[in-house]
Amino acid sequence: MAAPLRLMRRLAMVTGGGSGIGQAVAQRLAKEGAAIAVVDLNESAANETVQMLSCDQSGQKHMAFVADISSSENVEKLMSQIQSCFSRPPCISVNSAGITRDEFLLRLTEEAFDTVLKVNLKGTFLITQAVARALVASGTSQGSIINLGSIVGKVGNLGQINYAASKAGVEALTKTAAKELARYGIRCNSVLPGFINTPMTQKVPQKVLDKVAGMIPLGRLGDPSDVADVCAFLASDDSSYITGASIEVTGGLYL
Ligand code: NAD
């Protein structure tokens, strides 16, 4: 017998849904029966994901939205577009949009620091706040917000001081939001991937990738679907007593 669809008829928003982990999450949640609002800065990437989802024959409506999650005006417009297209706010939000601008501390520019913090931390704040406000206003008693942090936010990484700081911030933001939103039935958790094979990491030289893979106890780099599986669990009622958690998806790296 086929497993029951855990997210049937729920509306999920996935930021950064045009690529990598976000795209895999959108596919995974759609397979579980959710309707998906795919959000990305890159319009053609968002449309491509929606095209993929439309082949799943679940009968759910999936739509692409273009927005810069680091702009409060964009986020406000995005939420009203989603509300008018789906007649409800998303009860699941997976916040995967993120960037890197890698450089060592001694050479990092203020601009590269600000740019990464603006997208990864402020953008996650704006989306978390907007979804929470919309859910509370709608009177719903259920919501699941899942923020993409990184193991680097816990342990640091050479050449990623801006990125590590932004992801440590995402974890703190998520735990605080979890405490504040629990009374409304809204759960808030973060997922901390290790090294996942996506366009973000494909810039890394093969030699380095091989070395990293050798350091991972489970013996391979992660696949976006490894992260998507955990997001689907956190989105579903199977995790209904979990909030404020950070789940590492690293293959055992940095244990
Ligand atoms: P990716 O580069 O493949 O995808 C990121 C997506 O976010 C892109 O489609 C991009 O257009 C979009 N985006 C960037 N800035 C945006 C903005 N301001 N507004 C809206 N969309 C924007 O990256 P990925 O590897 O899939 O990473 C997804 C998330 O997971 C990121 O938050 C990243 O930091 C985190 N993460 C990734 C890894 C990894 O190894 N790939 C590890 C740890 C954490």
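In which strand is the place of Met 13? In this predicted model, Met 13 belongs to strand β1. Its relative accessibility is 0%, so Met 13 counts as buried, the cut-off being under 20%.

The surroundings of Met 13 can be listed residue by residue. Apart from neighbours within four places in sequence, Met 13 is in contact with Ala 37, Val 39, Leu 78, Met 79, Ile 82, Pro 90, Ile 92, Ser 93, Val 94, Ile 127 and Val 131. Ser 54 lies 41 residues from Met 13 in sequence, and the two C-alpha atoms are 16 Å apart in space.

An open sheet is formed by 7 strands, with parallel pairing, in the order β3-β2-β1-β4-β5-β6-β7. The edges are taken by β3 (63-66) and β7 (246-249); each has a single partner strand, so one side of each is left without a neighbour in the sheet. From one strand to the next, the twist averages 20 degrees.

One pairing can be followed in detail. Strand β5, residues 143-148, pairs with strand β6, residues 186-193, in the parallel sense over 6 bridges. Within this pair, Ser 144 stands opposite Arg 187 in β6.

Helices also pack on the sheet. Helix α3 (residues 72-86) touches β1 (11-15), β2 (35-40) and β3, and its direction makes about 160 degrees with that of β3. Helix α6 (residues 161-181) packs on the sheet as well, touching β5, β6 and β7. The direction of α6 makes about 160 degrees with that of β6.

How values were computed: Residues are numbered from 1 along each chain as its sequence is written. This is a predicted model: local features need pLDDT of at least 70, side-chain atom pairs count only at pLDDT 80 or more; totals for chains, interfaces and linings use all residues. Side-chain values use heavy atoms; hydrogens and water are left out. Two strands pair if DSSP finds at least two bridges between them. Helices (H or I, at least four residues) and strands (E, at least two) are DSSP runs, numbered from the N terminus. Axes are lines fitted to C-alpha atoms, for helices over the stretch in contact, and angles run from 0 to 180 degrees between N-to-C directions. Contact means heavy atoms within 4.5 Å. Buried means under 20% relative accessible area, exposed over 50%, partly exposed in between (1.4 Å probe, protein chains only).
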